[in-house]
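This report walks through a few parts of one structure. Please look at the sequence and the model before reading on.

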Amino acid sequence: MAEAHQAVAFQFTITPEGIDLQLSHEALRQVYLSGLRSWKKRIVRLKNNVITGVYPASPSSWLFVVIAILATMYTRSDPSMGLIAKIQEHLPASGSMSMQCQTVVSAVLFSTLLWLSLIFTMKLCLKQLLSYHRWMFEQHGNVSTTTKVWVMLVRIFSGRQPLLYSYQGSLPNLPVPAIKDTVKRYLESVRPLKSDSEFERMTNLAKEFEDSLGSRLQWYLKLKALWASNYVSDWWEEYIYLRGRGPIMVNSNYYGMDFLYVTPTPIQAARAGNTLHAVLMYRRRLNKEEIKPSRIPGTFIPLCAAQCERIFNTTRIPGEETDTVVHWQDSEYVAVYHRGRYFRLWLYQAGRMLSPREIEYQIQRILDDPSPPAPGEEKLGAFTAGDRIPWAKARKEFFSSGVNKRSLDCIEKAAFFVTLDDDEQGMMGDDPAANVDRYAKSLLHGKCYDRWFDKSFSVVIFKNGKNGLNAEHSWADAPIVSHMWEYALATDSFQLGYNEEGHCKGDVNPSLPQPQRLTWDIPKQCQEQVAQCLAVAQPLADDIDFHVFAFRDFGKGSIKKIKMSPDGFIQLALQLAFYRDRGVFCLTYEASMTRLFREGRTETVRSCSSESCAFIKAFENGEDVEVCRRLIRNASEKHQMLYRLAMTGAGIDRHLFCLYVVSKYLGIESPFLKEALSEPWRLSTSQTPFQQLELFDFVNHPDYITCGGGFGPVADDGYGVSYSLIGEKIISFHVSSKHSCPDTDSHKFGTQIRKALHDLLQLMTINQSDAAGSEQNHSSKTQNKKEL
């Protein structure tokens, strides 16, 4: 608001009598209040930096140490063993102070140094304690004495009431695994996928790499690990995301959904008002670091929060060789797209956040605006959906100065992007299942020009009040965005709410200025390049085949009753479904997190193992029920072991990736690394966990469930599967593939997933008395399948 008034805060005219200065007191007041808000934020940030810097101690503990030292000196003891006297000798202004004053100042200085030393020691101790991960590998209910002592020490050194970033300085660095361990695990992971001759050839390549080039590359990685807080994350962000020259729409960006069965209001502007206000409430809590640090579910072990820093005011900027992620300290507005026009919508007035009702009023003004798009404006967003090099060149040529630069800056520096979509989406109509699939496609790519795919995230509000978001992937992973979106959905429905007519609660300030239309001057040549980008993006979007469904027959509650890991159970079901769909096993990607370490992001769990393949073959061949049960438990335990190894820094793929990057820097080719990292992930999976269960009451509000989110397929001939465990009774799935591949069909694969889930649960819950009949029935089914 202040920026809008700065231009008219004062006016002057030159007359024969001199300069006639006219001040706008209201405008100056707006500027003052906005500046006051900015200074308050700086003070809060400074205070939080101090609190975080001294954690696990507290600033007040300094006073306790000073008083303790002074009290000890009062008893004529010297706790400093002569250090206070030494400090007193070297005081710069000792001549102007009395002896008693010099002694007090010296004692305070010594106390401060002692306090800082204690803080450093506590941080170091906590860092060493958080480096202990053996507890993850112990069986539930069989905790060792070492782990019990460790738990007690972590609680002692953890302090109280931590802020969001309090643990950052105490998190351990990601360790570099031994070459031989990574190579061994890699060979184990590919054994069920290769023939004997292929595996023997790969083993020879691996041994040659381990004995020669590997140790040299490893030395450079260890050197980087000593210097950097995380030896993977910066290279992962740059080479996996920012250096990709293809479209980020579908290939990289992902989406999050609204409630599946409930739409809190059918009024588009009202839903936008509550949603935007809830997101801003989250940002305010984020800026004040009032959000509790994320932890491993069911434990007190903290996770890295570094990715939270770039949720808002962040944009991916295209470059010809590599993109960059730019983050601004603050932004008081959002960029809004509606019917081909771009607007700047201020969300603060006089230093205060607009109420939901005021935001609804402003959004309705945009919806009612009859002005047409400027030439070339409507499909300008297609630049962010197409290849990166044309966008980088066009940005430099057409958006580096003048009105286009000002408008583009407005979009890129916005807190986030908002699309007011003219379509209606969600589970509705005569074919609700198909409409949910279309809803997912709309969130993933829209019309290819009505989202700004470069923004950290874009909120989409549909005509019928449904909402959702699309997120750019380079700056953070899905759990970070999911945490914010969970808060926004819960706050929208359970805290802010709507009145009986479906409008936001509260009053409207009619003096709010109109949302500002962004102006453009798009020449014909630029419009042609927009059309070319759209010609690249549209076929990519049209090719995506989506199937979204909520599996309600049973959930993690039933899986836990059979004493299996819910995630391991689902992964085995996905393996079984793929085997039935394609008749072969495939390299499977499951995303795990490494946020136990500073600046940690993700690691790959190679879910397709020799144990899972052995179980599936036995199950499909009609083996004895007890044999199948033993094999499925072996497979589940193996999966849990792989997941724990990935979480604790002993994964396979990030280590191999970094070794490959070092080899490229050195200009050395490695046949082993080249082949290992070029294998396609035909089944790419990811679980999106619910992190704030306290915000949702699934018992009293069973319809207020969100289906989570999803992403596009990684391989052209494969599937992308995202799933969420909702409460105790629901599992949601988002299955994606490509129409252009004759071997994939998302709906068919969804059917296979449902059947696999039922078959696995039936296997594990069958009564012993029914075992013989079940075995006969199981063998009969298998024989019929073979005959078909």
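The model is a predicted one. In it, helix α21 lies across strands β15 (588-593) and β16, and runs at about 50° to β15.

Helix α21 covers residues 625-647. At 1.5 Å a residue, its 23 residues should span 33 Å, and the C-alpha atoms at its ends are 33 Å apart, which agrees.

At the N-terminal end, α21 is capped by Asp-624, which has a side-chain oxygen 2.9 Å from the backbone nitrogen of Glu-626. After the helix comes Gly-649, with a positive phi near 85°.

The buried residues of α21 include Cys-628, Leu-631, Ala-635, His-639 and Leu-642. An α-helix has 3.6 residues a turn, so residues three or four places apart point the same way. Also among the buried residues of the helix are Arg-629, Ile-632 and Ser-636.

## The sheet of six strands

Six strands make up an open sheet in the order β14-β20-β19-β17-β15-β16, and their pairing is mixed. The edges are taken by β14 (544-551) and β16 (602-606); each has a single partner strand, so one side of each is left without a neighbour in the sheet. On average, neighbouring strands of this sheet are turned by 20° against each other, direction ignored.

Within the sheet, β19 (residues 719-726) pairs with β20 (residues 730-738) in the antiparallel sense, over seven bridges. Ser-724 stands opposite Ser-732 in β20.

Strand β7 spans residues 341-346, and six of its six residues are buried. Both of its faces are covered. On one side are Arg-341, Phe-343 and Leu-345, and on the other are Tyr-342, Arg-344 and Trp-346.

Which strands does β7 pair with? One is β6 (residues 333-338), joined to β7 by six bridges in an antiparallel arrangement. Tyr-337 has Tyr-342 in β7 as its bridge partner. The two strands β6 and β7 form a hairpin with two residues between them, and Arg-339 in the turn has a positive phi of about 50°.

Another partner is β13 (residues 516-517), which runs antiparallel to β7 and is joined to β7 by two bridges. Here Phe-343 stands opposite Arg-517 in β13. Phe-343 is also one of the buried residues of β7.

Notes:
Residues numbered from 1 in each chain as written. Predicted model: local features only at pLDDT ≥ 70, side-chain atom pairs only at ≥ 80, totals over all residues. Heavy atoms only, no water. Helix = DSSP H or I, 4+ residues; strand = E, 2+ residues; numbered from the N terminus. Expected span 1.5 Å × (residues − 1). Buried < 20%, exposed > 50% of the residue type's maximum accessible area, 1.4 Å probe, protein only. Polar contact = N/O pair within 3.5 Å; in protein donor to acceptor, adjacent residues only side chain to side chain. Pairing = 2+ DSSP bridges. Axes fitted to C-alpha atoms, helices over the stretch in contact; angles between N-to-C directions. Contact = heavy atoms within 4.5 Å.
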